[in-house]
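These are my notebook entries on one protein chain, written down in the order in which I looked things up.

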Amino acid sequence: MSGDDFWAGIETRHAAAVDRGEHDGLCEWRPGFYLCHCSKREREARGLTTPPTLTHQYPLCSGCDREVYHNGDGWECGRCHTSWSSGAGEDERGTFTDDHGDLSGGPR
Ligand SMILES: [Zn+2]
Ligand SMILES: [Zn+2]
């Protein structure tokens, strides 16, 4: 979309937003002055006056649907005993940490 199209369409898009009920009777929007506080008023009416914080999540174990933790070497899920390397990507399959192979030859 070119800049001219953007400005040409702005009044049409505003009218559509009004039709969708996104503006109230106090709307300050005017052709040539494209700002209003409709969404601010609606948000404050919902009691949201302090901006929310951002939550950074650790990766999720898809088997347990809960956050894994970083053990210094890589990611680990304590519930299902699975680990992934630090650089593991999305959907990468981990390794069980409680599978020690054949233990039958161990000391009795
Ligand atoms: Zn408005
Ligand atoms: Zn898990």
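I began just after helix α2, where I found that G47 takes a positive phi of about 85°; I keep in mind that this is a predicted model. I then asked how many residues of helix α2 are buried. Of the 8 residues in α2, which covers residues 38-45, the number buried is 0, so this helix lies largely in the open. For the protein chain as a whole, I noted that buried residues make up 6% of the 108 residues.

Next I listed the elements of the protein chain and counted 2 helices and 6 strands, which follow the pattern α-α-β-β-β-β-β-β when read along the sequence.

I turned to the sheet, which is open and has 4 strands in the order β3-β4-β5-β6, with antiparallel pairing. Its edge strands are β3 (69-70) and β6 (95-96), each of which pairs on one side only. Looking at β3 and strand β4 (residues 74-77), I saw that 2 bridges join them and that they run antiparallel, with H70 standing opposite W75 in β4. As a reminder to myself, strands of a sheet pair through backbone hydrogen bonds, either parallel or antiparallel.

Last, I looked at the overall form. The domain assignment gives domain 1 (3-45) and domain 2 (60-96), and the C-alpha centres of domain 1 and domain 2 lie 46 Å apart. The C-alpha trace of the protein chain spans about 85 × 35 × 25 Å along its principal axes. I also wrote down that the protein chain has a radius of gyration of 27 Å, whereas a compact globule of 108 residues would have one near 13 Å.

Methods:
Residues are numbered from 1 along each chain as its sequence is written. Chains are lettered from A and ligands numbered from 1 in the order in which they are written. This is a predicted model: local features need pLDDT of at least 70, side-chain atom pairs count only at pLDDT 80 or more; totals for chains, interfaces and linings use all residues. A residue is buried if 20 or more other C-beta atoms lie within 10 Å of its own, exposed if 12 or fewer, and partly exposed in between; C-beta atoms are placed from the backbone. Domain bounds come from an automatic or database domain assignment. Two strands pair if DSSP finds at least two bridges between them. The radius of gyration is taken over C-alpha atoms; the globule rule is 2.2 Å times the number of residues to the power 0.38.
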